[in-house]
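Please look at the sequence and the 3D model below before reading on.

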Amino acid sequence: MKVRVKWLDHMSFVGETGSGHAVIMDGAPDLGGRDLAPRPMEMLLLGLGGCTAFDVVMILQKSRQSVTDCQVEVEAERAETEPRVFTRIHVHYIVVGRDVQERHVERAVKLSAEKYCSASVMLGATAEITHDFEVREACPAQGE
């Protein structure tokens, strides 16, 4: 895997991935940025959320759970002093579907956190990561 980050101007950067995608990052105004895009550290949390959501949806689908939506909310605290690593991260999953069983969601979250999500395992080296979830029943479509 390979990426490239190029400085644009002020404190804006473009990240280009080996798979051919690009994303803009920017700094906070008090650090010379213009608040045009996510901060690099926010991108790390987005990566964690995307990585674990991918795992959870895939595991639930393999468990034949009828998932119609999955959202992951990630909140983090950082150290007060440099290098200001994440010290606490909480991951909240909202799984929506038809007759989705909580035991399957609990298992999927655990497998992602402990085995499959590389981002979670790496960030867990410096941060205490906690998880919880909720299962919501999907609303029936109109006319059913």
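Arg-88 lies in strand S5 and Glu-128 in strand S6, which covers residues 128–137, so the pair ties together parts that are 40 residues apart in sequence. Helices (H or I, at least four residues) and strands (E, at least two) are DSSP runs, numbered from the N terminus. Arg-88 also forms a salt bridge with Glu-77, and here the closest N and O atoms are 3.7 Å apart. Because Arg-88 belongs to strand S5 (residues 86–98) and Glu-77 to strand S4 (residues 66–78), this second pair ties together parts that are 11 residues apart in sequence.

How exposed are these side chains to the surroundings? Arg-88 is partly exposed, with a relative accessible area of 47%, Glu-77 counts as partly exposed at 43%, and Glu-128 is partly exposed at 45%. Buried means under 20% relative accessible area, exposed means over 50%, and partly exposed lies in between, with a 1.4 Å probe and protein chains only.

## Other salt bridges

A search of the whole structure finds 7 salt bridges. One of them brings together the side chains of Arg-136 and Glu-134, at 2.8 Å from N to O. Both partners are partly exposed, Arg-136 with a relative accessible area of 40% and Glu-134 with 27%. Elsewhere, salt bridges that share partners join Glu-77, Arg-88 and Glu-128 into one network.

## How the model was read

Residues are numbered from 1 along each chain as its sequence is written, and the side-chain values use heavy atoms, with hydrogens and water left out. As this is a predicted model, local features need pLDDT of at least 70 and side-chain atom pairs count only at pLDDT 80 or more, while totals for chains, interfaces and linings use all residues.

## The overall fold

The secondary structure of the protein comes to 3 helices and 6 strands, and when read along the sequence these follow the pattern β-β-β-α-β-β-α-α-β. The C-alpha trace spans about 55 × 35 × 30 Å along its principal axes. Of the 144 residues in the protein, 31% are buried. If one takes the contacts (heavy atoms within 4.5 Å) between residues at least 6 apart in sequence, 53% of them join residues at least 24 apart.

The protein has 16 positive and 22 negative side chains, and the centres of the two sets lie 8 Å apart. In this count Lys and Arg are positive and Asp and Glu are negative, while His and the chain ends are not counted; the place of a charge is taken as NZ of Lys, CZ of Arg, CG of Asp or CD of Glu.

Which charged residue is buried yet has no salt bridge? This is Asp-55, for which the nearest side chain of opposite charge, Lys-62, is 9.3 Å away. Asp-55 lies in helix H1, which covers residues 40–62.

A polar contact of 3.0 Å joins the side chains of Asp-55 and Ser-112. A polar contact is a pair of N or O atoms within 3.5 Å; within protein, one must be able to donate a hydrogen and the other to accept it, and residues adjacent in sequence count only if both atoms are side-chain atoms. Leaving aside its neighbours within four places in sequence, Asp-55 is in contact with Ser-112, Tyr-116 and Cys-117.

Most residues other than glycine have a negative phi, and most peptide bonds are trans. The peptide bond from Glu-82 to Pro-83, however, is cis, with omega near 15°, and Pro-83 lies in the loop between S4 and S5. Arg-84 lies in the loop between S4 and S5 as well, and although it is not a glycine, Arg-84 has a positive phi of about 50°; with a relative accessible area of 31%, Arg-84 is partly exposed.

Arg-64, which is not a glycine, has a positive phi of about 60°. Arg-64 is placed in the loop between H1 and S4, and at 73% relative accessibility Arg-64 counts as exposed.

Methods:
Salt bridge = Lys/Arg side-chain N within 4 Å of Asp/Glu carboxyl O.
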